[in-house]
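The following exercises, each with a worked solution, concern the structure shown below.

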Amino acid sequence: MADSLYRANVLVCGGTGCTASGSQPLMEALKSEIVRRGLEGEVRVVETGCRGFCAMGPVMIVYPEGIFYCQVQAEDVPELVEETLVKGRVVERLTYKEPLTHQAVPFYKDIPFYGKQLRVCLRNCGLINPENIDEYIAQGGYEALGKALAEMTPDGVIDEVKRSGLRGRGGAGFLVGLKWEFARKARGDVKYIVCNADEGDPGAFMDRSILEGDPHALLEGMIIAGYAIGAKEGYIYCRAEYPLAIERLKLAIEQAHEYGLMGERILDTDFSFEIYIKEGAGAFVCGEETALIASIEGKRGEPRPRPPFPAVSGLWGKPTNNNNVKSYANIPQIIANGAEWFSAIGEPRSPGTAIFALTGKVENTGLVEVPMGITMGEIVFDIGGGIPKNKQFKAVQTGGPLGGCVPASGLNLKVDFDSLREAGAVMGSGGMIVVDEDTCMVEFSKYFLTFATAESCGKCVPCRVGGRRMLEILTRITEGKGTMEDLDTIEEIAKGMANASICALGQLTPGPVLSALRYFREEFVAHIVEKRCPAGACKSLVRSPCVNACPAGVDVPSYISLVSEGKYAEALEVHRERNPFALSCGRVCPAFCEQRCRRGELDQPIAIRQIKRFMADQELENPWTPARKEPKKGKKVAVIGSGPAGLTSALRLAQWGYDVTVHEALPVAGGMMAVGIPEYRLPKDILNIEIDNVRRAGVEIVLNSRLGRDITIDQLLDSDGYDAVVLAIGAQISRAMRVSGEDLEGVLGGTEFLQDVTLGKAPDMAGKRVAVVGGGNTAIDAARTAMRLGASEVHLVYRRTRDAMPAQELEVEEAVEEGLKLHFLVNPSRIMGNGKVEGLELVSQELGDFDNSARRRPQPIEGSEFVLPVDVVIEAIGQSTDVGCADGCGVSFNRNTTVEVNKELCTTREGVFAAGDAVLGPATVVEAVAQGNQVAVAVDSYLQDGEPVSKEEWLAYGSVPLTWNMEGYAEAGREEMPVQAPEVRRNNWKEVELGFAREACHEECKRCLRCDLEDKF
Amino acid sequence: MASVQITIDGITGSVPPGSTVLEAARSLGVDIPTLCDHPAIQPIGACRICLIEVEKQRGLQPACTFPVNEGMVVHTKSPKVVDARRFVLQLLFSERNHFCMFCQASGSCELQDLAYEYGLDHWEYDRAFPQMPVDASRKYFTMDHNRCILCRRCIRACDELVGNGTLGLKYRGAETRVIADMDVPFGDSTCVACGTCLQVCPVGAVLDRMSAYMGATDEVDRVKSRCTACSVGCGLELVVRDNRVIRVEGDWDAEPNKGLLCELGRFGLMYDKRKRVNKPLVKTESGWVETTWEDALGQVQQKLSGAGDALCTVVSGLASTEAAQAVMEKLPGTKAVMDGGMPAAADGIGVLDEADLFIVVQTDLTKDYQVAGFAVKRSVRHRGARLMILDDAQNGLEQLAVWKGTPEDAAHVLAVAQDAQMPVIIYDAAGAEIAKKLVDLLPNAKQVTFPGGSNAHGLASVGLDTSFTANGANAYYVLAAEAGQPDEKLMDALQKADYVVVQSSFREPWLDVAQVILPSPTAYEKNGTFITAEGCKVEVAAGVSSKLLSEVEVIERIAAGL
């Protein structure tokens, strides 16, 4: 054949995704360039079906080398032809880049997206020209039909399919062979084959891919099915929204006729078979087989009760076999290669492959075909490339709008019919939507419910009315108007719908809601009880994403707006309504707000923390004196601990007229702000200004007054006349690693080390080799402090990978710039030495299963121990609360050492409240501030005779108008924060960050999109 | 297999194979509630009220569609079943406006009955109260979508029973709404106003205008009677309150109509605006004067006794057999039938539901004998029966016909009819002659024929089978009953006669031809037997009592004085 003379074949994807991203003009350009260069006799351009990697479209492969190019546009063609087709060189610019390493991956076979895939059903998609039957035949097409007709009896075919174990790919997973047998045995002269190509799930397009990319595979499967059950006619019910699929099917049917593979007396046997196409009008319910059949018959597409099953009475009352596109498309290969070949793929009870349309918050969106039994995590993280923008994985929704979601704990789940069903998700038609932390599961499930109720045919009451009632409830919850009883009602309706609906649409409509409720109940509760959408997605509950993300709920857009006008005092006032520590947080806050900033979806988030710092610094000269807001109440409150939680509650209570005394165990006030955060991040002078603000509100801070040593709760309440006590005692004891050698000299706890440095008791680090164990902020603080104390080398040892570190990315980067050496996938097994530390024995780790944080769990590799020679080991793997200080005072602690509190932060002892790290475990300043606010309200309520005090006025948000023209800032990039050079700062204790200049700060403010005003325009 | 053994709620019994669980339960005396199901129409399993638990089956199954199997064990009152039913009821009550106290159907509402049965004493779910339209564009009844539970009985009855297919659904899911044609006002639709939808509606959605708020179920009486509007002789029920017929319903148990009525049968007499003749009237120089029965009958006797054989009694086909008999036995002179020729009684109307070819001759079944027309329509639309029309006028069934021609083309029918298994020729007096020719050509054809009036066969059964022809009589007693103006021949004779007595229900202008007008009861007021087109003797029963003398009494009293 002439084709074999071509020197190169360029396969351009003509699938829907690539067509949308411009594969047609690309193909035209390629063809004309090839003609222009006189290569038409040597190079052939082939338009293929979908290759699945839609995120990277348009994609092409150049054979024989197998060079994979992605996101190729028409203007790239001249270079591509010149370099690759003429000179045989790879154009690196157009190759796929590994997202983490940005390494170019030039060859198709090496691309991780395809690495774990196994293309059985999609084997021809993207490889052959779907409009040419010869190419299908060249790939072994229609061999199976020939084999079936020449060598097999109809019963033999059915037996082969039964033995293969193929289960229906439409979603329910019924055994295909068994279904065929029913239809074969059903009485009747006329029987029908029906193919469900009414792929209605939003986001699912695997059937389309086969219809468009390999239509003959479907036809061949249907003809074989017709032979097996004794049917002479088949119908493909294809949605009208797939015009290309319909066009290619028509062409394929025509070609099959020409070749004697369809029509009368196929391949000169007595068997005749015709296939017709019926276009569906886009009703989701017509995917249900009885509704589909009704639709083919020209009736309203609605399901009817079964029995009778279509195998007995289907299309026009005749025995009918209905399967999904993928089920039929698998048949030719099962017949050609044998049942054993097929059943060896995948899982014993779910043999073969599964095709998923991978979409959502995942790097590599597209169509993937994997062997059954692969884990969800492998699909999301290995094939899918993980979650973009370093966001936290939240859940995967499978099975489309009637499916369900699984959370991180489901990442180890084997993907097959039965495991998914057990987990409350379903295989369905193969939609797989990945969502991250920014997705609200209540709203997410509401989205699917909205779809399913809109697609309810309305025939049966449970689906028609039940779905609607549930949607109303869910809507109410997303608006903050739900009640806890609503959750029971949802479950009740779901049960009723599952029991009483006619078809799967009604029975499964509650699926997404139920699974969201099962795995993310706390999000529903947050909407109902706290009127808060944790993900920041539900409009009615979210002022703006940044305000929502801030634990203290600081009105970010308002103060940013005021800063842009130079109204710093007003801006600070807005800030202090919810967070009095602007100076400190301007320096150390992890800025949850910035992670959610909508501007970040465009380019980079607003530099909110830096703006905050600039704003707060404007007041250094003339510090704030908090005003008393309510008259003196004549009641006394003792706060134990002067960290951010303690000081915030003390300040609030003092402003509301209470006499507040803060007891601090250490000789300095500020808690972890003072002794946990190093000087180079938060200078003590700055912190003290902020602590003095609290003092000026009338709060007395008693230093060196330790609970359990100098004071007791009994004493405070019974003898000293305090009316309430706030326990804000923090969590500053470093957890031990529990390896041998921890008692050696040179083994330090991270927090203790940092505290000693602050209190002037820094150990001698000069010239020492230091290993810090842990991946959090304390570990980084300890490492950078050790460097500044003169350590000769500092190593950070972490058992996971860098992307799994909980420490702030910026901190890690700065530490590395300063010379920190990072060791990943290693874990200490013992500390070696003789009286003194001499080395740290480490075991290399490999990543195993996923844990509940969606990170792979490190597992030691046996025999991989090696020793890192060091003189000091700093343990920074976690912190706990000093529970001993509260012994015998009637306050209970949880197993993880946090204080046991109720919703109002009241401990197990009346009159004693708790807040901050002691409640949360080690957290951030802003989270402690939020707790301080909350506990202050609780104490106030308690002291007003238990009446809940309405602080609505205090909590209300004002409205600051937009004062600049946003258009002018559409292109503006984020202002860079000036910092000390690494080699300089490594050797001093001065602040690393130097702060914004005034003009830069004002300009940065104006990048804000003012999402808080979104609904007001 | 002759029968299938099945156990329902512990009761074991045998039922015919192919039965549904619902049918089986009913035959075993087990009650299963239903809403969308109706015995006259095909089950669709939509409402889910009849859900039951079948052992070895996953989930719950609708009893109305689930077929019985040998040895099947069914539970109809298990907690799971009861929960599901209550759930469905709660949803239905939350869907639209089901405030019973403001609904006409309260007391005769199947939804309400179920709510009581299942102890619904509160609304479990928020009520949506969508503002749905009320379609009041039809003359006799309204459609209030706010009360509709979308059981689709109306749609299915219109389609399956009436063969009209006017009703359908628009939108889907919670937006679903019953519509007429392509969503036109019901009054502008292809609706034939037979009122079957009204009769099958289980709630207060399709509402009869005349009887609305006139009486709840336990305040009314029901009298089984017959329609006398035409010779089909449909069974009906008169719904009566305070000696007033407030509504007419089809009798589901009656042949040949099996519950159906046409516009005329259901609403004709109810909406008849003609003035009644309530008292005897005598013509004086100053016009018509009301008088007593004694006076009127006295005058009549006096005049007629002199007439002797010159008296001609003309009886309407709307009169009862008993009245005709009295005429034959008691009155002298000649006797004739007022209206209509009388094709010989032939096959039962029931064959219409078995025929595969209809040959309709010179009659429009969408206007006359409508209930028989419904059988033709549903057979053509659902059973694939063919229809041929021989008519030189326009015919309402034309659109359904495979062929239409004039009577001259009768020969063409043969070509099509040859391969028919069961051809039926349908005709009345107008087509009798052509039909005879067809019958000769198609010996295997069945015949469904309709005599004029409603009781022509009854009249004939007592020997009164002569159509009126002028015979030189000069005194006439016309028992017109509810009939309108007679044909020209009779009018002409009456005008020429010396003395004319007419007994009539309605005061019509033509009655001026008479010297005395005697009141006649209507079909709702009289008792008697009729013989229908298919030759069945049926009873017409008075729904209300009347102060008027009955037809027979009048005849007897006249005769007594002659």
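**Exercise 1.** Identify the salt bridge made by A:R974, and state which parts of the chain the pair links.

*Solution.* The side chain of A:R974 meets that of A:E594 in a salt bridge, at 3.0 Å from N to O. The criterion is a side-chain nitrogen of Lys or Arg within 4 Å of a carboxyl oxygen of Asp or Glu. Helices (H or I, at least four residues) and strands (E, at least two) are DSSP runs, numbered from the N terminus. Over all chains, a search of the whole structure finds 107 salt bridges.

The model is predicted: local features need pLDDT of at least 70, side-chain atom pairs count only at pLDDT 80 or more, and totals for chains, interfaces and linings use all residues. Residues are numbered from 1 along each chain as its sequence is written, chains are lettered from A and ligands numbered from 1 in the order in which they are written, and side-chain values use heavy atoms, with hydrogens and water left out.

**Exercise 2.** Characterise the interface of chain B and chain A by its contacts, its buried area and its polar pairs.

*Solution.* Begin with contacts (heavy atoms within 4.5 Å): 35 residues of chain B touch 33 residues of chain A. The two chains bury about 2500 Å² between them, with 53% of it on carbon and sulfur atoms; buried area is the accessible area (1.4 Å probe) lost when two parts are put together, summed over both. B:R48, B:F87 and B:R172 supply 23% of the area that chain B buries against chain A, more than any other three residues.

Then consider specific pairs. Five salt bridges are counted between chain B and chain A. In a salt bridge of 2.4 Å (N to O), the side chain of A:R476 meets that of B:D126. Elements giving two or more residues to the side of chain B that touches chain A are β4 (60-62), α2 (79-95) and β8 (167-170) of chain B. Of these, α2(B) gives the most, with eight residues.

**Exercise 3.** Determine how the axes of α18(A) and α22(A) cross, and which residues make the contact.

*Solution.* The axes of helix α18 (residues 461-478) and helix α22 (residues 521-529) of chain A come within 8 Å and cross at roughly 65°. Axes are lines fitted to C-alpha atoms, for helices over the stretch in contact, and angles run from 0 to 180 degrees between N-to-C directions. Because 65 to 115 degrees counts as roughly perpendicular, α18(A) is roughly perpendicular to α22(A). The contact is made by A:L474, A:I477 and A:T478 of α18(A) with A:F524, A:H527 and A:I528 of α22(A).

Definitions and conventions. Angles under 35 degrees count as roughly parallel, over 145 as roughly antiparallel, 65 to 115 as roughly perpendicular and the rest as oblique. A polar contact is a pair of N or O atoms within 3.5 Å; within protein, one must be able to donate a hydrogen and the other to accept it, and residues adjacent in sequence count only if both atoms are side-chain atoms.
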